[in-house]
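I opened a new notebook page for this structure. My plan was to look at how its parts meet.

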Number of protein chains: 2
Amino acid sequence: MELVYKGKTKDVYKLEDGFYSLQFKDDVTGTDGVFDPGANTVGLSIEGAGLACLRMTSYFYSKLNEQGVPTHFVAANVLEKTMKVRKATVFGNGLEVICRFKAVGSFLRRYGAYATEGQDLPAFVEVTLKDDERNDPPISEDGLAMLGILTHEEYAVLKQRTIEISQFVQAELAKKGLELYDIKLEFGRDAKTNEIILIDEISGGNMRAYKDGQYIEPLKLEQILLAD
Amino acid sequence: MELVYKGKTKDVYKLEDGFYSLQFKDDVTGTDGVFDPGANTVGLSIEGAGLACLRMTSYFYSKLNEQGVPTHFVAANVLEKTMKVRKATVFGNGLEVICRFKAVGSFLRRYGAYATEGQDLPAFVEVTLKDDERNDPPISEDGLAMLGILTHEEYAVLKQRTIEISQFVQAELAKKGLELYDIKLEFGRDAKTNEIILIDEISGGNMRAYKDGQYIEPLKLEQILLAD
């Protein structure tokens, strides 16, 4: 196993059979020792965070694969806290695709003149560049096409898959009495088929969820979702 | 004449015949006493700035009207430094539409990982909300449609007109050996016909122009363009 990338919350290894292995860590992103899923720095380490993230990701990704929504997920190993995935290449240096069901966070900071806090949004999709140095700037479909990151045809697929996946997660959360406000996804091109597939993870840290009007912390959210 | 709006660089009066009059002032936007067309505060007053702005705007708008590109321009009065315009309503609280021919400024600050300084861009169009409090945030076509600011059909017209007008200005500047890097336009709906028309102004402060690789200050640019 060859270490190919050391990430903030996961390390990536290349396997001998051509697949890759994601090693989930207990490190979580945050600022000044406070857990903040949107932060670009590792803030602290929480025992069990890596395992909870892996369990939630494998739960969603295996269900999505069953439904014919392509993901990079192959198998999970809970004991080793690893996930076996297909090889995929990211768009440019990587994109974050956000789907919003409620007006909160950076959406409200930008568009507060036209929206009220907590207002319903119709699975609104936005894309940002993964670029810590430039604070993950938002980018339009035209911008992505012009800079050669994504064609208009690929953008249409990305947007449609984002809505489908986000609405699926929303429905899964609703079964537990949870309300999904927004979620952040990552996509790539399958190295073999070139198909656009869901990569990375779906965990508590990738979404904002509320229960009875109260924000649910990522680890608590994972506990609620994975409870029988 | 009834004063209906006091702007940073222009005041707006309602005329008795249903048209409006823009009174150009010598105030220019800036920060700490330095002229900065992108700033949201009035920085200083420069004698002749209002007249230069009016002359350049009436030059461009009358030419555009002749070519069948609709603008709010009716007539200019150089002695009174006023411009008579059609009544128009803005989209939401107003939009700024930027057309870029070179990668500089905020484009480069956001997308510097994918573009080099001064790189050619193919008349790339971006929209920002006019919102001083929220630093004029960029917004996508989908965002504009979702927030009820502009339909997809109107966006297509806005984008096409922006490219046409910007390329016309680019060609006019080129006649004087000037290179247009980017330009900021404003549009509205004609109050009578509901047609999308160019409003506000086209002056040195709305664009970045270079000559032999040197940035040309707005007032200097207006002098060069309006010289016989």
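How many residues of domain 1 of chain A are in contact with domain 2 of chain A? I counted 22 residues of domain 1, in contact with 25 residues of domain 2. Contact here requires C-beta atoms, placed from the backbone, within 7 Å.

**Ground rules.** This is a predicted model, where local features need pLDDT of at least 70, side-chain atom pairs count only at pLDDT 80 or more, and totals for chains, interfaces and linings use all residues. Residues are numbered from 1 along each chain as its sequence is written, while chains are lettered from A and ligands numbered from 1 in the order in which they are written.

**Domains.** I noted the bounds in chain A: domain 1 is 2-88 and domain 2 is 91-226. They come from an automatic or database domain assignment. The domain centres, taken over C-alpha atoms, are 17 Å apart. On the domain 1 side, helix α1 (residues 49-66) of chain A gives the largest share, ten residues. Helices are DSSP runs of H or I with at least four residues, strands runs of E with at least two, numbered from the N terminus.

**Two chains.** I laid chain B on chain A: a turn of 180° and a shift of 0.0 Å along the axis give an RMSD of 0.0 Å. That is the relation of a two-fold axis. In chain B, the C-alpha of B:Ser140 is nearest the axis, 2.9 Å away.

**Their contact.** Chain B gives 24 residues and chain A 25. On the chain B side, β11(B) has the largest share, six residues.

Conventions. Two residues are in contact if their C-beta atoms, placed from the backbone, lie within 7 Å. Copies are superposed by least squares on the C-alpha atoms of residues with pLDDT of at least 70 in both.
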